[in-house]
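I want to know what surrounds it.

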Amino acid sequence: MSIETLFDKVDLGNNLTLNNRIVMAPLTRSKSDDELVPTEAMAAYYGRRADAGLIISEATLVAADGQGYPNTPGLYTEAQVEGWQQVTQRVHQNGGKMFAQLWHTGRVSHSIFHDGQPPMAPSAIELHGRVPRYADLEYGTPRAMTEAEIERLIEDFGTAAANAKKAGFDGVEIHGANGYLIDQFLHWSTNHRDDSYGGSPEKMSRFLFRVIDRVSKEIAHVGLRLSPAAYIHIEHDARDKAVFDYLLEQLNNYSLSYVHGGIFNDEPFDHLQGTVTQYIRHHYRGTVIASGGYDAKSANSMIVAGDADLIAIGRPFIANPDYVSKVRNQQQPVPYEESMLAELI
Ligand SMILES: Cc1cc2nc3c(=O)[nH]c(=O)nc-3n(C[C@H](O)[C@H](O)[C@H](O)COP(=O)(O)O)c2cc1C
């Protein structure tokens with residue numbers, strides 16, 4: 001039996017092979033222009049990191065009403081598609097592969113992004129906290145989406161996936177993690193709906209499965225990021241685990257490229273009886289990406305032990321454009337500092 005290591009290739013199915021098992025995690029940088037179009041500086045930034053086995057783009061809006069932070073890119077206008085084309089071309093020229101992370105923030109937003117109207121979410125449940133970069137603004141209470149809006153948003157995810165293909169991406173990752181819109185459907189504290197999208201694990205998962213079905217019609221490679229442990233923007237509820245037990249088992253009937261854990265530090269949770277990665281691995285039999293606080297050594301041990309198939313690296317990639325070659329050459333990476341978010345190095 002062969003032992004896989006970080007620098008072994010991996011087959012994601014449908015003729016997509018990655019050169020190694022290091023994934024650049026999705027990292028919001030808020031550097032798009034004011035029309036939310038990716039810039040030349042972003043093409044250069046991603047191009048410098050093309051030796052990762054796979055780059056997952058920063059979270060990218062499927063519709064204008066999904067915005068919750070300034071200058072985050074979109075995939076719903078022609079100019080945005082063209083902006084991303086220059087990014088994917090650069091990554092491909094440098095030998096890399098790249099997925100677009102498809103995103104809607106739901107209630108993690110503010111009326112300043114929506115002409116004074118509250119953002120929409122599964123249910124009208126207040127989010128407490130301050131809006132990043134707007135120190136004097138508090139989040140508020142979103143309005144509950146109508147069923148017509150749910151239909152439209154599923155279409156928006158489909159259109160964004162078609163646009164991702166046009167823009168030259170090798171696939172998409174559906175952002176179902178970190179307390180944003182899809183995740184808000186999956187947790188009891190944010191989903192109080194009493195229609196066919198809330199009230200039971202099956203109904204709470206329905207929006208996600210409809211998005212997967214719609215997006216899969218447009219592009220061959222579809223990954224999914226999930227946060228089974230509520231850790232940001234959402235409060236934990238003891239009933240959540242049953243939702244994720246159900247949906248991870250169901251995902252075995254889909255041909256996703258992978259399931260990717262969304263967590264900042266992949267440490268054990270009592271109620272999951274292990275880490276997020278272990279919990280996903282326990283239920284899901286396809287390709288798994290671990291993330292959250294890994295370094296070269298711990299990442300390699302995970303792969304060698306077979307506990308994950310790929311490892312996503314976030315903050316170290318912000319600090320080190322040459323992260324992969326540093327790992328290969330056993331050099332110490334530069335430590336990440338928040339001040340590094342100011343510039344795209
Ligand atoms: C500045 C910053 C921006 C992030 N943006 C995103 C994002 O757009 N989408 C996402 O799913 N996760 C995002 N994350 C989470 C990372 O993908 C990753 O899960 C997290 O940083 C933990 O991995 P690390 O310890 O290797 O950094 C972000 C994290 C940071 C620090």
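I looked up the ligand's place first. The ligand takes up the space of the largest pocket. I note that this model is predicted.

Next I looked up the pocket itself. How much space lies in the largest pocket? I find about 990 Å³. The elements that give two or more residues to its lining are strand 5 (98–103), strand 12 (310–313) and helix 9 (315–319). Helix 9 gives the largest share, three residues.

Then I looked up the lining residues. I find 34 of them around the largest pocket. P26, L27, T28, N178 and F264 lie nearest the pocket's centre. I sorted the lining by class: 19 residues are nonpolar, ten are polar and five are charged.

Now I turn to the ligand's own shell. How many residues surround the ligand? I find 19. The closest are T28, R225, G293, G314 and R315. By class, this shell holds nine nonpolar, eight polar and two charged residues.

I checked T28 again, as it is on the list nearest the pocket's centre and also among the residues closest to the ligand. Which kind of T28 atom lies 2.6 Å from a ligand oxygen? I find a polar side-chain atom.

A backbone N or O atom of G293 lies 2.7 Å from an oxygen atom of the ligand. For A59, a backbone N or O atom lies 3.1 Å from a ligand oxygen atom.

Last, I looked up the cover. On its own, the ligand has 610 Å² of accessible area. The protein covers 91% of that area.

Key. Residues numbered from 1 in each chain as written. Predicted model: local features only at pLDDT ≥ 70, side-chain atom pairs only at ≥ 80, totals over all residues. Heavy atoms only, no water. Near = heavy atom within 4 Å. Polar contact = N/O pair within 3.5 Å; in protein donor to acceptor, adjacent residues only side chain to side chain. Areas by Shrake-Rupley, 256 points an atom, 1.4 Å probe, with all protein chains shown as cover. 1 Å grid on protein atoms, 1.4 Å probe; cavity = no way out; pocket = protein on both sides within 12 Å on 5 of 7 lines; lining within 4 Å. Sits in = over half its atoms within 2 Å of the grid points. Nonpolar A, V, L, I, M, F, W, Y, C, P; charged D, E, K, R; others polar. Points joined across faces, edges and corners; volume = space filled by probe spheres on them. Helix = DSSP H or I, 4+ residues; strand = E, 2+ residues; numbered from the N terminus.
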